[in-house]
Amino acid sequence: MSDLKHTDIEDGTEQITTDPTDAREKMRAGSMTYTLMPWIVGAVLLVIMPFIFTSNSALTIMNQMWITVVFALSYNMLLGQGGMLSFGHAVYAGVGGFAAMHIMNASDFFASFPLPVLPLFAGLFGMGLALIVGSFSTRNAGTVFAMISLGVGELIAACSVIIVAFFGGEEGISGDRTYAMPFFGNEFLQQIDVYYLTSFWVLLSAVLMYLWSRTPVGRMANAVRDNPERAEFLGYSARWVRFYSFVASGFFAGIAGGLFAINYEILTEENLNTASSGVILLVTFLGGVGFFFGPIIGAVVFTLVQTVLSLQTELWAFYAGVLFLATVMFFPGGLAGLIMMHVPAFKTGRAGTLVMPYIKTLLPAAVGVLAVSALVEMTFHVRHAATGDYDMTLFWTTFNSHSLLPWIIAIAVAVLAFWITRRNMPELRAAWATANTAREGTV
Amino acid sequence: MNAMTSTDAPALDISGLRKSFGKAEIIRGIDLSIGKGERHAVIGPNGAGKSTLFNLITARFAPTSGTVKLHGKDLAGLQPFQINRMGLSRSFQITNIFPAMSVFENVRCALLWSHGYKYSFWNMVGRSRDLTEGADRILEQINLTSRRDLPAGVLSYAEQRALEIGITIAGGADVIMLDEPTAGMSHSETDYIMDLIRTVTVGKTLIMVEHDMGVVFGLADRISVLVYGEIIATGKPEEVRGDARVQEAYLGAALEAEH
Amino acid sequence: MELILVNVIDGLVTGLLLFMLSAGLTLIFSMMGVLNFAHASFYMLGAYFAYQISLALGFWMGLLLAPLIVGVLGAGVERYGLRRVHQYGHVPELIFTFGLALLIEELVQFIWGKNQMPYDIPDILNFTAFSIAGNSIPAYKIFMIFISVAIFIGLLYILTRTRVGMIIQAALSYPRTVEALGHNVPLIFMGVFGVGTALAGVAGVIAGPVLGTFPGMAFVLGSIVFVTIVIGGLGSLWGALVASLLIGWLTTFAKSYNIEMSNILNGIGIVTPSNLEDNIFRDLWTVTSPQIADILPYILMVLILIFRPAGLFGKRHT
Amino acid sequence: MKKITKLGAVSALSMIVGASAAFAENIKIAFIDPLSGPFASTGTNGLHQFEFAADYMVNDDGGVLDGQKFEIIGYDNKISPKESLIQLQVAIDQGVRYIVQGNSSGVANALTEAIDKHNKRNPDSRVLFLNYAAVDPALTNEKCNFWHFRFDANADIKMDALTDVIAQQDDIKKVYIIGQDYSFGKAVSAAANKFLGEKRDDIEIVGDELHPIGKVKDFTPYARKIVASGADAVITGNWGADMLGLGKSVIENGFDGPIYTYYAAGSGITAAFGESGKDRIRLISQGGINPIASEEARAAYEAFEKKYPDGNIDQSRIFNVIGMLEKAIEQAGTADDVVAVAKELEGMEYETMWGGKLYMRPQDHQLIQDMHVGVHTDENIDFDYDQSGFGVLTESTVEMASMDSPTTCEMKRPE
């Protein structure tokens, strides 16, 4: 990690307008804080999370989150950094995971090394598959690449039910992680042990993927993404640059698959299918493809939506879809882009002026959104609940969905909330402008 | 810089080069030899095939027949990146940079290969003082130091052209090809760019395409005039200017354009 | 021999149905340069709308009205969704349509529930047109063939013989020039998008009764439509037709004949291993053509993309 | 869906606050099945039946033991093994000791393994897995464990009963077997081959094939092959859209024999077949619905219909799950010690209102019960499916089907 201290400042803030004078000063000061800080904070968070959320289900959900983080980051090596849109990324994680599962079941071999090493093997298998597929798919970017990835993804997913010897058919392959060589006496019986194993790998993988983006081939991946022809006239073969990114991405996807294998001790067709490939695309894009940390946010938010929101409502996928479409339409930079929009304001020290306007607009907007979702839930209840089952519970209140009053309340709240939002909008806009003008002055 | 087969071979040697698109023959048999360290300009009216010639030399298009030799080595069948590694670097008529990356990054990417980094994934580019200093030096040469950390896409047109020249020379290639570097520029901008080209190509072989003879007059050692896919004259600037056929071609084209 | 004829007819029906979807998709692609992932969702909407209308007004009004509604919806999506996302580039556009496909599926479930709808062939077409060696060819299939062929001819006529068609074709290739000539190009784009989705709607209306009207119907067909236009060559109407028929026949024949992998492998001189049960390739040996019929198009697509990235009829791009 | 909503809030809180203590007053039963996505209708209908059965059979009569109530909690597994395991963990954290699941043998496989491991690693929070519908024979054979109980007949038992019926039909000489290409489809095919060979070696199997699951858009080519083969009967284990697509296509393209199925009823399929499937579709199932097995069952069904007019009791075994669990808890005198409850379930005999006797075979935890082969019709139907007027009328019954069938299960019991 000490490698990071020499990293230039502009590396940490790709694709956004930074204040050059400010940035260079920091670089000259050799400031470690800027680049090392997020990793330290991340590591500390990973360590203390289980002390805040102690239940096994919270650990399970967090494990799922971290696995998705690794997977999404590996996906972003393709989409965000390399400009390759893949519709079949799940197969690399899946094949890595299946390989890990087979290693788990090869009892003699599995007993010869400790469990934390297993994801490495999974990564190598993911990488192996990426080597083969990449050899012909990375020749072109764009539509050709996307369609080959779709085709290969469908093929391998279809193979999962045909080639039973490796993929185990529909019920998949299962094993027992505790048969590995004990790791300092730990057999990984409990969720908490698995949590720390997963956390170690997620941190390691994230650091490695970050460092990858700082290497020559990682930088050239960006160049090839933006302008493959120009990159070729700089001495780099666009195809080989894409190929290396693809293979590296396959490696980290495989690690995610290996972590999945350790966590769930079962791999099924679900780990390979196009739906999983689609989900990781959504996760990554939701988080933001333009920034390294974007997919991390996407993975955390999406896992919460999928596991926690789906406990609240059957309509979770509907809300997830709306959230996703809204992101694509209004914040193509994703959630990370939304956050980074505020960096200039923080740099000028004027971020404080935004707080009040935000409260005045976002709070009513949130209330409005909740009111609208209440309307959606009520409509759904009226349409699909059992006859006579008029009672529904929403926001800790139980009421009769067939009476008029709750509808009037919900509509009134929604209208009022959006009206307030609208009324306070100009104020936010003005505050936004002031908070950001100072920056332009210094450029 | 490397891969030279013989020391006395010309930097670029073109013989019998032809190119057809369907039935239309755009390049109709070109022979041209450009010596080391020469500053050579290819001029000609619009549609003469200048850019096509450029694209043939740099393997963007495959020739119908004929050969192009760089330092005596045949370029047939080579990929652009291979030609670049042999010491030829080019710019484009339409600005061709990495708009989403910072100005500094643009230049640094151009330095990577020549600094021997290749496809390495065990080096951190940020740690290399060579790269950082090298890139900053080039930024100074092209007067873009103050724009160092801006995304290249937000630069003005002239600045982007300057950046493109910076990218083109950064790799240390000894043969530099510039495709209409002053296209679409005002007078003062043109002067600025020409000065820039003059300073950054010292000691290198320069081949540039222009349609305006006046622009290259003070810069080029020799000028070739390309009309309808053929070179009708090659020589020192003053010789070319006095050439009757050149006069005719330019005047003729000017007249045609008026109709 | 008779069975071959029957299979040819069945494959034709499948192929033409696919064509109605891929025709719209390929038009939209050549116009906006974007693969519309939600295309099959409009096909699904067509079936659901037609079902709902047929409850009140009968099948024929459904056939008439549902595609219109779908087309208007499609145009609305272009106007208020895609056009906005267009400024961010192609990838966000594609991802937008991807998300839209998910959302439409959720919406359909929200409104109609998750069960299959009892949307049926109209009684007037519910008879056997003729039989070939005991295999009945339902009249509805003949009807499907007629509708698709009529639409193809109509489309071809409009695109090549009418002024509107000329403008559209020009706008596809040279939007700026056409705009300079005083035509409202965004309107043309919106119109083409609407027509493309309406075509998908027609396909949904006529396919719903035979292939089932259920929330998963878009997903089942979704990616195969892409495969079709990629094989045919992006943006080529003829390519879409040829690829659709090719896929229709390929899958139909692969399903109709039990060709076993072991036969093929034996045929090229590889001997079946004696202890097949323990062989790690055992699953490969026992694969039959019906098992892999529906993934054959994907194999074909990958091969075509490797060896001829522009597709069968596509223009070679630089 | 109110229970989901309520518990959702609780679980979200528990995520924030940490582990919540298990409450003693209710006996929580986690229903882990798809409640969203393409299979949600089956899952939701199952949840309704569980909720109804718990209220109707237990809670309305004052509960079990000293008045403890059954509480059914729905967990949406989106038919994904991964999600199922997450929801299992959430359920266990919320103090659930009984897991019910049925849709997809893949999920059941994942759950039974996970529960086995969980119980081994966490003796303090052991749970039982009451499988009400996943029929992969492996679950009570090589993959059996002490914690898993199956209340549905497995695929082999169903085929055994089905072939008993087919064997009696002398006019069936040629049979075509077709199924989805995965473990269950293969199990159906293997069982059909085995039992037909044993019972009627004069029956020729003219076709035996698998098609990709959930991917076939148009079944016409398969229907053509079936017609061309000259088959007198078709056997299929297909479910969902694959069942409907295959059935409709086979009928449409000129096949006129019986189609023996596992899953061609309810969830909209009965309605979609309607008139076209009349006297053609046959179904192997448990539980006497038409004619109704008892007045008690009629009362229960009518009460259910009153509550869910568009719902079906298409899985009457759900009532058996609740009834037998109640009996086991009463006999064990505890609901918290799942080992004691499991030991009571083993070997239990139970009279069901849906007709006949039930016997939980102790060596593999497979419930032995009467199996019925019924026909899709609109005549003499007491209770139709999907409000379509059509239902399944029992034609023949096999009592205590496969009572002595062999099992490879080697049950390991906790001390």
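Trainee: Which residue is the bridge partner of B:Met177 in E8(B)?
Mentor: B:Met177 is bridged to B:Ile207 of E8(B). Helices (H or I, at least four residues) and strands (E, at least two) are DSSP runs, numbered from the N terminus. Keep in mind that this is a predicted model: local features need pLDDT of at least 70, side-chain atom pairs count only at pLDDT 80 or more, and totals for chains, interfaces and linings use all residues. Residues are numbered from 1 along each chain as its sequence is written, while chains are lettered from A and ligands numbered from 1 in the order in which they are written.

Trainee: Got it. How many bridges join E7 and E8 of chain B, and do they run parallel or antiparallel?
Mentor: Five bridges join strand E7 (residues 175–179) to strand E8 (residues 205–210) of chain B, and the two run parallel. Two strands pair if DSSP finds at least two bridges between them.

Trainee: What is the strand order in that sheet of chain B?
Mentor: The order is E6-E7-E8-E3-E9-E10, six strands in an open sheet with mixed pairing. E6 and strand E10 (230–235) of chain B each have a single partner strand, so one side of each has no neighbour in the sheet. On average, neighbouring strands are turned by 15° against each other, direction ignored.

Trainee: Which helix lies across E3, E7, E8 and E9 of chain B?
Mentor: That's helix H1 (residues 50–57) of chain B, which runs at about 145° to E7(B). For such angles, axes are lines fitted to C-alpha atoms, for helices over the stretch in contact, and angles run from 0 to 180 degrees between N-to-C directions.

Trainee: Changing topic: how many residues of chain B are in contact with chain A?
Mentor: 34 residues of chain B contact 34 residues of chain A; contact means that the C-beta atoms, placed from the backbone, lie within 7 Å. Helix H2 (80–85), strand E6 (88–90) and helix H3 (103–112) of chain B each give two or more residues to that side. By class, the chain B side has 19 nonpolar, ten polar and five charged residues. Here Ala, Val, Leu, Ile, Met, Phe, Trp, Tyr, Cys and Pro count as nonpolar, Asp, Glu, Lys and Arg as charged, and the others, Gly among them, as polar.

Trainee: And how far apart are the nearest C-alpha atoms of chains B and C?
Mentor: They are 10 Å apart, and chain B and chain C do not touch. Chain B makes no contact with chain D either, and their closest C-alpha atoms lie 34 Å apart.

Trainee: What is in chain C, helices and strands?
Mentor: Chain C has 14 helices and two strands. Of its 318 residues, 52% count as buried, that is, with 20 or more other C-beta atoms within 10 Å of their own C-beta, placed from the backbone.

Trainee: Over in chain D, why is helix H7 largely enclosed?
Mentor: Eight of the ten residues of H7 (residues 220–229) of chain D are buried, so the rest of the structure largely encloses the helix. Among them are D:Tyr222, D:Arg224 and D:Ile226. Just after H7(D), D:Gly230 has a positive phi of about 75°.

Trainee: What order do the strands take in the seven-stranded sheet of chain D?
Mentor: E7-E6-E8-E9-E10-E14-E15, an open sheet with mixed pairing. Strand E7 (204–211) and strand E15 (391–398) of chain D are the edge strands.

Terms used: A residue is buried if 20 or more other C-beta atoms lie within 10 Å of its own, exposed if 12 or fewer, and partly exposed in between; C-beta atoms are placed from the backbone. Two residues are in contact if their C-beta atoms, placed from the backbone, lie within 7 Å.
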